[in-house]
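Please consult the sequence and the structure while working through each solution.

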Amino acid sequence: MKKVFNLFDFSQKVNFRTEILAGLTVAMTMIPESLSFAILAGFPPLMGLYAAFIAGLVTAIFGGRPGMISGGAGATVIVLIALMNSNGLEYVFAAVALAGVIQILIGIFKLGKFIGLVPQPVMFGFVNGLAVIIFMSQLEQFKKVVNGQVEWLTGIPLLIMAGLVALTIGIIVLFPKITKAVPASLVAIIIIFALVFFFKIETKTVRDIASISGGFPPFHIPTVPINLEMLKIIFPYALIMASVGLTEGLLTLTLVDEITGTKGNGNRECIAQGSSNILNGFFFGMGGCPMIAQTLVNLSAGSRARLSGIVAALTILIIILFGAPVIERVPMAALVGVMVMVAIGTFEWTSFRIINKMPKHDIFVGILVAVITILLHNLALAVLIGVIISALVFAWESAKRIRAKKYIDEKGVKHYEIYGPLFFASTTAFLEKFDVANDPNEIIIDFKESKITDMSAIDAVNKITEKYAQLNKKVHLQHLSADCKTLLKNADAIIDVNILEDPTYKVALD
């Protein structure tokens with residue numbers, strides 16, 4: 001029973017003041033971002049805040065690790081813009097709920113572990129690309145709409161905005177040298193708010209993005225036809241949204257693991273994300289996933305427990321219900337300054353220091369992933385391409401390692417001792433090792449230092465044995481591991497080989 005109800009680690013020492021202040025800071029940074037992406041997608045603004053509350057609360061309680069923050073993230077919302085434009089809001093809710101179901105299934109079947117297949121250069125590219133996106137998105141706050149046209153700020157408004165942002169950054173950098181008892185980001189927001197309020201400085205505020213007052217998230221069943229045609233429409237969007245959300249979430253989880261020196265649970269995070277998206281689909285939320293920027297704000301504020309995420313989610317709900325008139329007056333410059341510092345902290349500056357020590361293909365992969373992330377804002381695609389390229393490079397390098405030691409024993413039998421893995425990329429080099437025409441009538445191929453790994457390898461073994469058979473020469477396979485023998489046995493309909501048993505030999509990989 002303990003494992004079922006052990007949602008919190010009560011043995012963990014929790015600094016309640018730090019957790020509460022970190023949660024308040026996170027809430028302040030989540031509000032404008034959630035509103036901005038909701039408006040960008042054409043959703044009602046409150047959908048962004050409802051998503052921040054629902055996703056934030058559910059994943060803070062049930063998620064894969066303490067310290068992670070979830071909300072209405074742009075990475076998942078961008079996927080739904082085309083669906084919104086073509087089929088409307090009700091289909092969006094249905095797609096969000098279906099994405100949640102897909103994420104839960106991935107968690108139940110324990111597929112979250114495959115995030116371990118993401119190489120370090122891909123992680124570098126992902127994080128650096130995301131840092132650039134966070135920074136570039138803040139530049140939008142230096143624009144205004146005039147007669148329906150978007151224009152850059154100029155003159156006094158530009159100077160005021162830039163000055164307040166610079167002051168915010170200065171406070172965040174310098175305040176920790178005075179005390180770390182209070183998160184510097186929260187102090188910066190309060191100081192800038194007070195300056196603008198008391199000196200009546202004219203500058204952009206949260207209210208200029210959208211109103212954030214409302215009630216509890218309303219229960220709402222998506223009004224879509226329940227048929228195969230509807231499923232065909234929403235399934236591609238749901239699948240992409242689920243993939244993007246889990247990719248960003250599991251990569252964020254891995255990043256938090258590295259920062260905190262602790263270990264999270266990827267499959268539990270998948271289930272928590274899925275549950276939050278199902279609730280989003282039925283409670284007027286736009287869906288979401290872990291938000292790396294807000295997570296880093298949370299960690300930099302000193303949070304290491306689940307409490308800060310719960311506080312952030314409840315703060316957003318309280319603001320929706322009661323605090324909108326105050327929060328709507330928070331200057332956007334303060335929030336921009338906080339997010340700029342988050343972007344600087346997110347960027348892996350060490351990647352510049354070690355770039356001359358990395359293999360060229362790793363440098364290429366890292367830059368490519370960053371560029372795709374920045375240009376397309378498609379984190380799942382960027383990571384997938386990076387993993388594929390890294391895998392192909394690994395396959396090519398592994399294929400070059402296969403070699404053969406050849407000798408003829410006193411009985412006139414020729415031995416081929418194979419070194420290196422035999423798989424699809426190394427089969428051509430493997431076949432080139434044999435001198436079929438000039439070899440004696442009996443040959444032993446020794447796999448003591450090799451392994452048959454896939455169907456291409458089996459086909460290569462079959463080809464070489466057929467060539468010898470055409471010349472009435474006998475081939476024996478020696479020192480096969482148990483799984484290699486199983487592969488050959490399963491393929492006995494297409495291959496006929498002699499396995500030379502060695503009862504005293506054990507393969508190290510067995």
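**Exercise 1.** Classify Val101 as buried, partly exposed or exposed.

*Solution.* Val101 has a relative accessible area of 37%. Buried means under 20%, exposed over 50%, and partly exposed in between (1.4 Å probe, protein chains only). Val101 is therefore partly exposed.

The model is predicted: local features need pLDDT of at least 70, side-chain atom pairs count only at pLDDT 80 or more, and totals for chains, interfaces and linings use all residues. Residues are numbered from 1 along each chain as its sequence is written, and side-chain values use heavy atoms, with hydrogens and water left out.

**Exercise 2.** Determine how the rings of Phe197 and Phe198 are arranged, and state the exposure of Phe198.

*Solution.* The structure holds 13 aromatic pairs. In the pair of Phe197 and Phe198, the ring centres are 5.2 Å apart and the planes stand at 80°. Rings of Phe, Tyr and Trp (its six-membered ring) pair if their centres lie within 6.5 Å; planes under 30 degrees apart count as stacked, over 60 as edge-to-face and the rest as tilted. The pair is therefore edge-to-face. With a relative accessible area of 63%, Phe198 is exposed, while Phe197, at 37%, is partly exposed.

**Exercise 3.** Describe the arrangement of Phe347 and Phe352, then classify each residue by exposure.

*Solution.* The centre-to-centre distance is 5.6 Å and the angle between the planes is 25°. Phe347 and Phe352 form a stacked pair. Phe347 has a relative accessible area of 16%, so Phe347 is buried. Phe352 reaches 51% and is exposed.
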